[in-house]
Amino acid sequence: MQLYNKLSAKERAELIEQAGEERLTLSFYQYHNIGNPELFRNHLFIAWDAMNALGRIYIAHEGINAQMSVPATRFNEFKSFLDNIDFLENVRLNIAREQNNKSFLKLKVKVRHKIVADGLNDKSFDVTNKGVHVDAVAFNELIEQEDTVLVDMRNHYESEIGHFKNAVTPDVDTFRDSLDIIEEDLKNHKEDKKLVMYCTGGIRCEKASAYFKHKGFKNVFQLEGGIIEYARQVEDQKLDNKFRGKNFVFDHRRGERISNEVISNCHQCGTPCDEHVNCANEACHLLFIQCEECAKTNHNCCSTECADINALPFEEQKKLRAGKGNSNKIFKKGRSEKLAFKK
């Protein structure tokens, strides 16, 4: 029985093109005590592989976090499957605003220690004592009040291309890095300010709001469904859009445009731009912002050095990479002295 993806991204992309079917990109999460994550993981993989569903899904004892691509014709089947799992019945599905049939090219269902790497000891506080969830209407009202501090719970490379106006955007590489920084910065306002938080789809705020309440913040709020759901409600209800720029997403699209503003710049030449790319040199793979002109000039690389390496025959590139372990420690997103216009 197949329990793992066996096709390369290139092979999957070719199959998607041949099928010619529309696909839906969506995401969902749910905190729930899962007794046997490995067994549940296998159950999901078998069912979703049969549906030709793709994506990146994390399973842990604490729940599930999923970003997926599903054939549009099989969406009802996918939804029914979720509804037949007790803790996923009627779970909110965040449907992407900008669809791309190749947003995901593999089905990866992984068992992890946590569904979001928050670095927290969940036994040290009540993770169910969360902040007040607010919809787009209430959120717009809250962030205009003078006693509100609006905090972006995402990383620097996410907020750089888009964020809510007047939001505090911590200059951090990971979610776990932001928690202590935010608490320290706001330590004198735990009782006299409203702490309002947001993230991409809501999952980071679920844990952060409980953590900050545990740390003594009296008035904690979180945007229900994150930026994705906010954008949907703004469009459906014709609300005032308070979000500037693009929403970073963790698939091949890398971003969804929420407003027409471009608030960031090409990291190589400084021209207004909000298109994230990965350096074509596989030994670098740096995530950064690059305009079309710089992509041509630098051959889709972050630097002359990487362009020179990428121009070498494939076997020579492999030799240069030999013995050098790749990890998140070297794939610093948007952090490089080679990027002249990185803020």
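The entries below cover a helix pair, one arginine and some salt bridges.

**Entry 1: the model.** I noted first that this is a predicted model.

**Entry 2: two helices.** I looked up how a pair of helices is described. Two packed helices are described by the angle between their axes and the distance between the axes. I then turned to helix H2, residues 37–50, and helix H3, residues 75–83. Their axes come within 11 Å and cross at roughly 160 degrees. Angles over 145 degrees count as roughly antiparallel, so H2 is roughly antiparallel to H3. I checked the handedness too, and the crossing of H2 and H3 is right-handed. Next I listed who makes the contact. H2 brings His43, Leu44, Ala47 and Trp48. H3 brings Phe78, Phe81 and Leu82. Sorted by class, the contact of H2 with H3 has six nonpolar residues, one polar residue and no charged ones.

**Entry 3: Arg204.** I found Arg204 in helix H7, which covers residues 203–214. Is Arg204 buried or exposed? Its relative accessible area is 10%, and buried means under 20%, so Arg204 is buried. I then asked which residues Arg204 touches, leaving out those up to four places away in sequence. The list reads Val116, Met153, Arg154, Asn155, Glu158, Phe175, Cys199 and Phe250. I also looked up Lys238, which is 34 residues from Arg204 along the chain. The C-alpha atoms of Arg204 and Lys238 are separated by 27 Å.

**Entry 4: salt bridges.** How many salt bridges are there? The count comes to 28. I picked out a few.

- Glu62 and Lys207 meet through their side chains, at 3.2 Å from N to O. Glu62 sits in the loop between strand E2 (54–60) and strand E3 (63–71). Lys207 is in helix H7, 145 residues apart from Glu62, and the pair links distant parts of the chain. Both Glu62 and Lys207 are buried.
- Glu184 pairs with Lys187, with the closest N and O atoms 2.8 Å apart. Glu184 is partly exposed at 44% relative accessible area. Lys187 is also partly exposed, at 45%.
- Asp236 pairs with Arg232, with the closest N and O atoms 2.7 Å apart. Both lie in helix H8, residues 226–237. They are four residues apart, about one turn of the helix. Arg232 is partly exposed at 39% relative accessibility.

Salt bridges that share partners join Glu62, Lys114, Asp118, Asp122 and Lys207 into one network.

How values were computed
Residues numbered from 1 in each chain as written. Predicted model: local features only at pLDDT ≥ 70, side-chain atom pairs only at ≥ 80, totals over all residues. Heavy atoms only, no water. Axes fitted to C-alpha atoms, helices over the stretch in contact; angles between N-to-C directions. Helix = DSSP H or I, 4+ residues; strand = E, 2+ residues; numbered from the N terminus. Parallel < 35°, antiparallel > 145°, perpendicular 65-115°, else oblique. Left-handed = near helix turned anticlockwise from the far one by under 90°. Contact = heavy atoms within 4.5 Å. Nonpolar A, V, L, I, M, F, W, Y, C, P; charged D, E, K, R; others polar. Buried < 20%, exposed > 50% of the residue type's maximum accessible area, 1.4 Å probe, protein only. Salt bridge = Lys/Arg side-chain N within 4 Å of Asp/Glu carboxyl O.
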